[in-house]
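Work through these exercises with the sequence and coordinates open. Each task is followed by a stepwise solution.

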Amino acid sequence: MSVWAVLVAAGRGERLGEDKPKAFARLGELPMLAEPLRRLDESPWIDEIVVVAPPEWEEPAILLAEEVGASKVSACVTGGATRTESVRAGVAEVPEEAAVILVHDAARPLVSDEVIERVISALGEGFDGAVPSLPVSDTVKRVRDGVVVETVPRDELVTVQTPQAFVAPVLRSALEGSEGSDCASLVEANGGRIKVVAGDERLLKVTTPADLERVTAWLST
């Protein structure tokens, strides 16, 4: 079974306050992109990697892949104006014979083999896709015009992360539709069945300087 990873690294990351795209903010001694690149490359579950870089950052992304010895990187393409457009660009580089496409955000640098295994293995159970998740610990309320209209039962809620794994033809078909906040929502809207598996608290999405500091601390432990 051929598994291709699309590593989405095209986000601008204004909230980080950097003068460069988010994936190139420093995490330890290297740009943040280096960490998920290295981890995906070392994973026995991944055969090939497509990197989706910000416009004009394609060459630095390729050079970084060479620096960390990421030999599975087969292509680096330019991202689009939205996340969905960036995923489309990456998936377009995946050959038709690929069985599984795993989509991961470079902004979640501490991706583990355990999570990769869980999402890919779930596809063998007959699901079209699989997402890692964490339970919601806070009480969640639906609000309209500043007024609470409903308290949502939190035992039915999870937050989802990446990497997300999909049967390749299913994801390709779903990407022909509208935009979505993640790939799973596109597959859901297209009638696909999504399995929820255990996520990892260390798969924090880096959005703010505080997030970057937290991930940096985890990286050294």
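**Exercise 1.** What covers the buried residues of α2?

Solution. The model is predicted: local features need pLDDT of at least 70, side-chain atom pairs count only at pLDDT 80 or more, and totals for chains, interfaces and linings use all residues. Residues are numbered from 1 along each chain as its sequence is written, and side-chain values use heavy atoms, with hydrogens and water left out.

- Step 1. List the buried residues of α2: E58, A61, L64 and A65. Buried means under 20% relative accessible area, exposed over 50%, partly exposed in between (1.4 Å probe, protein chains only).
- Step 2. Check their direction. They cover an arc of only 125° around the axis, so they sit on the same side of α2. The arc is taken over directions from the helix axis to the C-beta atoms.
- Step 3. Look at the other side of α2: E59, E66 and E67 are exposed there.
- Step 4. Find the cover. It includes β3 (30-31), α1, β4 and β5 (73-78). Helices (H or I, at least four residues) and strands (E, at least two) are DSSP runs, numbered from the N terminus.
- Step 5. G69 follows α2, and its phi is positive, near 75°.

**Exercise 2.** Find which residues of the largest nonpolar core touch the most other members.

Solution. 

- Step 1. Apply the definition: buried Ala, Val, Leu, Ile, Met, Phe, Trp, Tyr and Cys residues joined through side-chain atoms within 4.5 Å.
- Step 2. Assign elements. β1 (3-8), α1 (34-42), β4 (48-53), α2 (58-67), β6 (100-105) and α4 (113-123) each supply at least two core residues. α4 gives the most, with six.
- Step 3. Inspect L40. Leaving out residues up to four places away in sequence, L40 touches A5, L7, I46, I49, K72, L102 and I116. Contact means heavy atoms within 4.5 Å.
- Step 4. Keep the second core apart. This separate set of 24 residues includes V50, V52, A168 and V187.

**Exercise 3.** Show where the buried residues of α7 lie, and what they pack against.

Solution. 

- Step 1. In α7 (residues 209-219), D211, L212, V215 and W218 are buried.
- Step 2. Seen down the axis, the buried residues of α7 fall within an arc of 120°, so they line one face of the helix.
- Step 3. A210 and E213, on the other side of α7, are exposed.
- Step 4. The buried residues of α7 pack against β2 (26-27).
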